[in-house]
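Dear colleague,

Please find the structure below, handed over for your use. My findings follow it.

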Amino acid sequence: MSKMPIIYVVSDSLGETAELVTKAAISQFNKLNPFIIKRFPFVEDLSNVDEVIYLTKQDQGMIVYTLVRPEIREYLKEAALNAGIIAYDVIGPLISNIQTLSGKQPLHEPGLMHKLDEDYFKKVEAIEFAVKYDDGRDPRGVLKADLVLIGVSRTSKTPLSQYLAHRRVKVANVPIVPEVDPPEELFTIDPAKCIGLKISPEMLIGIRTERLRSLGLSDQANYAKLERIREELIYFEKVIQRIGCPVIDVTNKAVEETANIIYNMVQKNSSKK
């Protein structure tokens with residue numbers, strides 16, 4: 001039985017890209033004996049290259065590599081040539097071509113794709129968090145959140161939570177209603193993690209009236225009456241005073257404007273820690 005061919009997958013990051021390309025190529029040779037793939041990740045200096053060249057020569061294998069640092073990439077290329085080893089550069093020529101096309105210099109920084117992936121998953125996690133802990137559904141979210149938004153109905157708590165989630169901030173929001181006691185968790189967390197959303201009664205009447213009409217309901221409901229709204233806002237002020245948290249007046253502010261103000265506040269608080 002012939003010896004199984006060995007391919008060393010070499011990378012200055014995890015080596016997942018080089019391994020995926022290698023497996024895709026191997027799939028075209030299903031009549032041959034299986035290949036052995038040995039991943040050699042985090043190649044950071046020339047001594048690592050010397051080691052993989054030695055091992056590959058001993059195994060009579062070949063090398064497939066993704067090395068973004070040009071000095072290490074060129075060293076491996078030359079060392080493989082001198083050792084009579086087949087070495088295939090997956091990413092180097094593509095980086096050069098993109099550089100020529102764009103006229104920009106590459107960063108030559110390993111692992112950037114994984115950093116982008118991590119950023120993406122943090123965003124998804126924050127969006128899922130905002131949905132799970134929207135509108136006070138679960139008071140435990142108050143303790144887990146990076147930020148808690150509180151306000152009466154129709155002060156843009158939900159859209160703000162989603163907007164901030166796209167900037168990787170985990171937001172819970174809690175509605176303030178006179179007939180319902182706020183969750184006790186609100187009074188145990190750092191007040192800096194809470195932001196109250198304040199709005200003028202006149203603006204809120206207009207917003208609630210439009211909301212009722214969009215639902216096919218009478219705009220004469222208590223929900224959109226000035227007396228009821230003032231009652232809610234007075235109760236909101238009492239809750240805010242008890243918590244001691246900052247307040248943003250969202251009257252006449254677009255969601256994006258309010259979100260940017262909140263995000264800057266979050267960033268400032270983070271830098272103080």
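Is lysine 253 buried, partly exposed or exposed? Lysine 253 is partly exposed, at a relative accessible area of 29%; buried means under 20% relative accessible area, exposed over 50%, and partly exposed in between, with a 1.4 Å probe and protein chains only.

Please note that this is a predicted model, in which local features need pLDDT of at least 70, side-chain atom pairs count only at pLDDT 80 or more, and totals for chains, interfaces and linings use all residues. Residues are numbered from 1 along each chain as its sequence is written, and side-chain values use heavy atoms, with hydrogens and water left out.

Lysine 253 lies in the loop between strand S8 (247–249) and helix H10. Helices (H or I, at least four residues) and strands (E, at least two) are DSSP runs, numbered from the N terminus. Leaving aside residues up to four places away in sequence, lysine 253 touches Thr258 and Ile261, where contact means heavy atoms within 4.5 Å. Its C-alpha atom is separated by 9.7 Å from that of isoleucine 199, 54 residues apart along the chain.

Thr258 also takes part in the contact of H7 with H10, together with residues including Leu164 of H7 and Ile262 of H10. These two helices pack at an angle of about 60 degrees, with their axes 10 Å apart; axes are lines fitted to C-alpha atoms, for helices over the stretch in contact, and angles run from 0 to 180 degrees between N-to-C directions. H7 is therefore oblique to H10 (under 35 degrees counts as roughly parallel, over 145 as roughly antiparallel, 65 to 115 as roughly perpendicular and the rest as oblique). The residues of this contact divide into eight nonpolar, one polar and one charged; Ala, Val, Leu, Ile, Met, Phe, Trp, Tyr, Cys and Pro count as nonpolar, Asp, Glu, Lys and Arg as charged, and the others, Gly among them, as polar.

Leu164 and Ile262 are also among the residues that touch the most other members of the largest nonpolar core, which has 37 residues. Such a core is a set of buried Ala, Val, Leu, Ile, Met, Phe, Trp, Tyr and Cys residues joined through side-chain atoms within 4.5 Å. H9 gives the largest share of this core, seven residues. A second, separate core of 17 residues includes Tyr65, Ile72, Ala79 and Ile85.

Finally, the axes of helix H8 (residues 201–214) and helix H9 (residues 226–243) come within 10 Å and cross at roughly 120 degrees.

Yours sincerely
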